[in-house]
Structure formats: C-alpha cells, structure tokens
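Dear colleague,

Please find the structure below, handed over for your study. My notes on what was found in it follow.

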Amino acid sequence: MSARQDRGWIAIAGLGPGDEAMVTPEVTAALDAASDVIGYIPYVARVAPREGLVLHPSDNRVELDRAAAALELAAQGRRVVVVSSGDPGVFAMAAAVFEALEAGPAHWRDLDIRVLPGITAMLAASARAGAPLGHDFCAINLSDNLKPWSLIEKRVRLAAEADFAMAFYNPRSKARPEGFERVLDLLRAACGDQRPILFARAVATPEEQLRIVPLGQARADMADMRTMVIVGSSLTRVIERAAGPILYTPRSASGPAS
Ligand code: SAH
C-alpha cells in the first residue's frame, strides 16, 4: 500500500471468520497503513488499537450512513479501512459502499477504492466439516431485513428443487424465530428426512461447535445468529469416524468413485 500513502483511499476488507490466522496478509497490510477503521462494533474490536489509528465502531443498522462516512473521510485524504467479518462482498459492507458511491457526490468517484477479500463463513464452515460444497451450491441469506420473506421461501424451494447444496447465512434471530422453522419444514418436504444438515457455530473462534444431523432431527434452536447452516444435495455423504464425521459432496454428479 506504500504507493497510496500520499492521498486518501478506502479499502473494504474482510477479517475472516474469527481466527487471526485466517486474516489475509493483504488485509493486515491495509490495516497497518490505515488512519481510520470503520465498521460494526464487534468487527472494529478485532483491530488492535495503535497510535495514529482512529477507530470508528458503529451500530450495524446504519450501513449506508457508515459507508457514506467512510467515503467522505477518504475524500478528505484519510486512509480508510471499512471492516466486515468474513468476506466484505458477501452480505456485508462492500455492496453498501458502492450503493453510497452511486448515490453520492461526483468527487467520490475519483477515489482509490479497493475490496480486499476474506474467508467467508460458508467456506470456513465447509472446510471444518469436510467438503459439503464440493459440487454445485448456492448461498442464501435467511434474514428478511432487506427482502420479503416470500422471496426467501421461493429461493429455498427452487434451490432444493435444483438439487444444490445450500449454505444459509443469518439463519435465525430472536426477532423472527419462526422463519427458520418454516425453512426447515420446507427443506424436509423437498429433500426428505435423511438429508444431512450441518450447524456450524462460531467457526474459527474458541466457541466453535459443529453438529451434523439428518434433516428429520434438525431443530430451529440448533442455530443462532452466529451459526452457518449447510444442507447437502442429494449426493452429499457422511463418513463416520471415531474422530468425528466428515461431510462431503462428491466431485461427480454420478456419485463417488467406486
Ligand atoms: N460477510 C460475512 C457474513 C455476514 S452475515 C461473511 O462473509 O462471512 C452474518 C452471518 O454470517 C451470521 O449470521 C452467520 O450465519 C455467518 N457467520 C459469520 N461468521 C461466522 C462464524 N465465525 N461461524 C459461523 N457463522 C458465521
């Protein structure tokens, strides 16, 4: 980032799922070069304070205001890193910054803007469990904050019909516990009771917990807002081992090599 020191810039960076070892060197370099870090409170808390670095922790509900504030700081010559957990392009701040850019003043468009990828929760969870996303898959955000519930149900239904493995972000909140129950009912109807489902909670943190059960035994309270849920396709298999099961989807749609 040294060539960028003389003028303002903005990097929208992913901090990965939790473990320091999963923060990319590119993101670490951007944080080292930054004058300002902006983001939701728990994500900013993951950045070590140091002299010359201004931390701007903010509430999660004001994404667009936060994005506009970050762009304006960069326009004033500051070196700004906007932090997200996981990857910033997956249900996170990168799209919010570009929405603010598109709606904002013309001078913002001359800014040096970069998106620095991170390891998204879906991939960290998948790696811990084995390789459930080894064949075609889709990712769906189950939060109805930013889209109607009917669209969520439609996407889950069609994804199950298309026989994708499915990765679900934001499965369950205190505010709408019944939504995830309905998704589980829909999945059982479409995929049957034997289909494996993974609940991966707080992956890559000290509280990490993995659970694989057949859909028939899945309960909504197995997930919370720190849980990534992955449902296998019809090909997904479980290898039972003393050290814990492995969940994987074979590379070929005709099944595992025999
Ligand atoms: N940008 C983030 C996702 C933000 S949406 C990313 O790329 O990972 C927030 C959702 O991500 C949570 O509700 C949860 O479903 C999932 N999530 C984030 N971190 C997680 C972790 N360490 N373990 C399990 N799920 C996680």
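An oxygen atom of the ligand lies 2.7 Å from a polar backbone atom of Thr227, a polar contact in the sense of a pair of N or O atoms within 3.5 Å. The protein covers 91% of the 550 Å² of accessible area that the ligand has on its own, as computed by the Shrake-Rupley method with a 1.4 Å probe. Please note that this is a predicted model, in which local features need pLDDT of at least 70 and side-chain atom pairs count only at pLDDT 80 or more, while totals for chains, interfaces and linings use all residues. Residues are numbered from 1 along each chain as its sequence is written, and side-chain values use heavy atoms, leaving out hydrogens and water.

In total, 19 residues surround the ligand, each with a heavy atom within 4 Å of it.

The second topic is strand E1, residues 9–14; strands are DSSP runs (E, at least two residues) numbered from the N terminus. Six of the six residues of E1 are buried, that is, under 20% relative accessible area with a 1.4 Å probe and protein chains only. E1 pairs in the parallel sense with strand E4 (residues 79–84) over six bridges, where pairing requires at least two DSSP bridges. Within this pairing, Ile12 has Val82 of E4 as its bridge partner.

Technical notes. Polar contact = N/O pair within 3.5 Å; in protein donor to acceptor, adjacent residues only side chain to side chain. Buried < 20%, exposed > 50% of the residue type's maximum accessible area, 1.4 Å probe, protein only. Helix = DSSP H or I, 4+ residues; strand = E, 2+ residues; numbered from the N terminus.
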